Amino acid sequence: VPPVALDAFLDGARAALGAARVITDPDVVGPHATDWTGRWQGRPPAVLRPGSVADVAAVVVLARRHRIGLVPQGGNTGLVAGATPLGGEVVVDLRRLDALGPVDVAAAQVTVGAGATLAAVQIHVGSAGLAVGVDLGARDSATIGGMVATNAGGLHVVRHWTMRAQVLGVAAVLGRGDVVDLNPTGLVKDNTGYDLAGLLCGSEGTLGIITSVRLRLVPVPAERAAVLLGFASVADAVDALPRLRSVPGAQAIELVLADGVRLVAAHIDRRLPLDPLPDALVLLEVAGDRDPLGAVQAALDQLGSSVVATAAATEPAALAALWRWREAHPDAAAARGLVHKADVTVPLGGLAAFVAEVPAAVEAVAPGATTLVYGHLGDGNLHVNVIGPAADDSRAVDVVLELVLAQGGSVSAEHGVGRAKVAWMARQRGPAAVAAMRAVKGALDPDGILNPGAVLA
Ligand code: FAD
Ligand code: MLT
Ligand code: ZN
């Protein structure tokens, strides 16, 4: 961007938002420049902090006029560099748009600002006995806008599906600066034309800047129970899936492996949950209004001697302690060094073989690297984490993604494409689908100012 254009853009932004909302101080801009893993380092000249839909629209109009690339950013917890301004774009920090609308208990819906964190919305709707259907470990920082933009999955997909299934309406500023307010009253049925709100789900900031979301809510069951199940192998855990999925009220079926659990034990300074430690462990969580513990026990009885189990947790503190064995994996990995992330889906039939193949495949291109695998077993979604290679060495991730494509899987299960996986789009989706996506992008963002370089090269 020519300096003159940038200066004119920033002057316009100061006039529209107020000088205090246009930040160029490198110390404040710094944390917005890097992704959560620290692998991707951008160089934004400024961060803008709009506080209203009108502010966002003004920023987009100005960006169009001066041909400035904008990178929408929420909690900056994304794991594919989708919110990282690698090309020197200006960051638009949406966290001031954090209004929490009244909970519509009759409809089980709420409208919240795109910048509200998941945790804030959980507390807000929890007081009405309701919950958001998607939950994830980054809940304290991840925003609803970011979660819609990435179509986040998380821990409860086996019961409530991904973010797209929670979205009834979206308000957004599109690439021409026009504001759309799609289904603000949360009509459950509205078949008038294209599903534009659905299109914005998973669009990763490339089609519009989301300003608020009308969410469907789910009831909070009275009781919760969770247990860690130990299996001799990943194959045994996969074999148990049909039974685990059919446990009444099953809402999480999560996989961790022995080496990951050992790493977490050292990281959080706790004794191992099972001794001896089985190769594969599944965290099963069941929720319901009556006796979820009974449902867990019935599942254990059916699985018989193929499984060993920890004591079941039902109280909040015990549940949180059990969940730490799964949720602390990203932090424990990050504490070991710079992490290369491959978030993938593979068909369940090949999942155990894939887990067995990955470490050797990584070792071949990154000798001495540490490979950690964990994920959302119920969805066939594995997170492969590689620690060792330099930040700019993508060979380990590449080799993992090649295995995924060979198996008919997806190179991105729930984190999106961002900038990290752009090169894989054509092979994953095929030329006709990519061309259709380009046509949509061209129509909604004709000047290519919204998150340039993300999703589509
Ligand atoms: P950001 O990281 O700020 O942005 C992500 C993308 O959305 C970018 O492309 C950005 O441009 C775009 N964006 C952000 N806000 C807007 C907006 N208002 N309008 C338009 N575009 C926008 N993800 C899962 O799916 N499941 C998990 O279980 C999960 N667990 C995680 C655990 C940890 C510890 C961490 C660090 C991350 C995890 N994630 C998970 C990834 C991440 O939390 C999600 O992708 C989340 O949806 C990102 O939200 P955010 O507000 O941080 O978005
Ligand atoms: C998770 O499920 O823990 C996340 O998606 C984050 C990660 O991949 O590390
Ligand atoms: Zn995940």
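**A friendly note on strands, cores and a helix**

1. Strands here are DSSP E runs of at least two residues, and helices H or I runs of at least four, numbered from the N terminus. This is a predicted model, where local features need pLDDT of at least 70 and side-chain atom pairs count only at pLDDT 80 or more, while totals for chains, interfaces and linings use all residues. Residues are numbered from 1 along each chain as its sequence is written.

2. Strand S14 (residues 339-345) and S16 (residues 381-387) pair in the antiparallel sense over seven bridges; pairing requires at least two DSSP bridges. Six of the seven residues of S14 are buried (under 20% relative accessible area with a 1.4 Å probe, protein chains only; exposed is over 50%, partly exposed in between).

3. Next, the cores. The largest nonpolar core has 49 residues, and Phe354 and Leu382 are among those with the most contacts inside it. Such a core is a set of buried Ala, Val, Leu, Ile, Met, Phe, Trp, Tyr and Cys residues joined through side-chain atoms within 4.5 Å. A second, separate core of 33 residues includes Leu136 and Ile210.

4. Now look at helix H2 (residues 26-33), whose buried residues are Val29, His32 and Ala33. Seen down the axis of H2, these fall within an arc of 100° (taken from the directions from the helix axis to the C-beta atoms), so they line one face of the helix. On the other side of H2, Asp27 and Pro31 are exposed.

Note on methods. Chains are lettered from A and ligands numbered from 1 in the order in which they are written. Side-chain values use heavy atoms; hydrogens and water are left out.
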